[in-house]
Amino acid sequence: MSEAFDEGTGEKLEAQAFTEQDFLLTAYEAADLLGEELNEKFSVARFRRLVMSGDAPAVADKGRGIDKWSQAALDRWIESYLPDTPAAEEAAAVQAAEPKHRDVYEFFERTYSPYYELADARISALNREKPLTSWCDQWWVHRSVVARLVASWYAWEDAFAAGGGAMSSWILEHADRHYDRIMAEDGPFRKCKSGHTDDLDEYRTIAAPDALRLHDEAKDDPNIGTPQ
């Protein structure tokens with residue numbers, strides 16, 4: 001059995017001796033093993049730096065001038081090197097999957113409305129007789145507004161989970177754009193200047209012919225609805 005030595009000091013390491021069932025790996029093989037186990041690119045230089053700093057297993061054999069490492073020692077080290085155990089990763093995934101708001105109404109009250117001073121909308125616009133924007137205190141009756149706020153809510157949950165600059169992107173690319181459309185002069189609140197009105201405009205529509213609708217039994221047919 002070969003003796004084990006510390007690559008940095010050259011001192012003999014009795015505890016690092018490998019068993020007959022073990023395998024010896026070169027630095028290149030050790031780096032490849034680490035890359036496979038950690039699912040990332042792991043260079044030889046990076047591995048040697050970890051060895052020199054004492055964060056990775058020491059050399060197990062210096063036979064013929066070629067450093068080799070115990071695979072068993074590397075396997076044990078890899079388990080401790082992994083940043084998260086499968087259980088911790090699963091728990092983190094479950095926590096991330098749970099939304100921070102129960103529904104769109106809680107999202108509006110706790111998160112969305114503080115971004116905009118909606119209470120001042122009716123007395124804004126430089127004291128003009130008709131404000132450029134107006135807010136309806138029964139916003140939840142306006143289906144288009146609810147749809148936009150739901151979209152904003154979903155995007156917020158993704159941004160919150162992502163962290164970093166994602167929240168700024170949400171404000172600029174989602175919240176502000178939906179707010180500008182909701183509060184536009186020709187927007188859904190255009191008739192609610194002095195309070196909510198049920199006189200809401202909707203598109204006049206005629207039901208689509210039944211022949212154009214995809215029935216349940218036809219949904220799995222790849223040829224239906226495909227351009228010819």
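Which residues of helix H5 (residues 104-112) are buried? They are Val 104, Glu 106, Phe 107, Phe 108, Thr 111 and Tyr 112. This is a predicted model.

**Helix H5**
- Phe 107 counts as buried because its relative accessible area is 0%, and the cut-off for buried is under 20%.

**Aromatic pairs**
- The structure holds 14 aromatic pairs.
- One of them joins Phe 107 and Trp 156 in a tilted arrangement. The ring centres are 6.4 Å apart, with 55 degrees between the planes.
- This pair links distant parts of the chain. Phe 107 belongs to H5 and Trp 156 to H6, 49 residues apart.
- Trp 156 has 8% relative accessibility, so Trp 156 counts as buried.
- Trp 156 also pairs with Phe 160, and this pair is stacked. Here the distance is 5.0 Å centre to centre, and the planes are 15 degrees apart.
- Both Trp 156 and Phe 160 lie in H6, four residues apart, which is about one turn of the helix.
- An α-helix has 3.6 residues a turn, so residues three or four places apart point the same way.
- Is Phe 160 buried or partly exposed? Phe 160 counts as partly exposed, because its relative accessibility is 41%.

**Largest pocket**
- The largest pocket holds about 470 Å³ of space.
- Its lining is made up of 16 residues. Closest to the pocket centre are Ser 144, Pro 188, Arg 190, Asp 201 and Glu 202.
- Which helix gives the most to this lining? H6 does, with three residues.
- By class, the lining of the largest pocket has nine charged, four nonpolar and three polar residues.

**Segment after H7**
- Ala 184 is found in the segment after H7.
- Ala 184 counts as partly exposed because its relative accessibility is 21%, while buried requires under 20%.
- The C-alpha atoms of Ala 184 and Ser 134 are 8.4 Å apart. Along the chain, these two residues are separated by 50 residues.

Note on methods
Residues are numbered from 1 along each chain as its sequence is written. This is a predicted model: local features need pLDDT of at least 70, side-chain atom pairs count only at pLDDT 80 or more; totals for chains, interfaces and linings use all residues. Side-chain values use heavy atoms; hydrogens and water are left out. Buried means under 20% relative accessible area, exposed over 50%, partly exposed in between (1.4 Å probe, protein chains only). Helices (H or I, at least four residues) and strands (E, at least two) are DSSP runs, numbered from the N terminus. Rings of Phe, Tyr and Trp (its six-membered ring) pair if their centres lie within 6.5 Å; planes under 30 degrees apart count as stacked, over 60 as edge-to-face and the rest as tilted. On a 1 Å grid over the protein atoms alone, a cavity is a set of points where a 1.4 Å probe fits but cannot get out, and a pocket is an open set with protein on both sides within 12 Å along at least five of seven lines; lining residues have an atom within 4 Å of a point. Grid points are joined across faces, edges and corners, and a volume is the space filled by probe spheres set on the points. Ala, Val, Leu, Ile, Met, Phe, Trp, Tyr, Cys and Pro count as nonpolar, Asp, Glu, Lys and Arg as charged, and the others, Gly among them, as polar.
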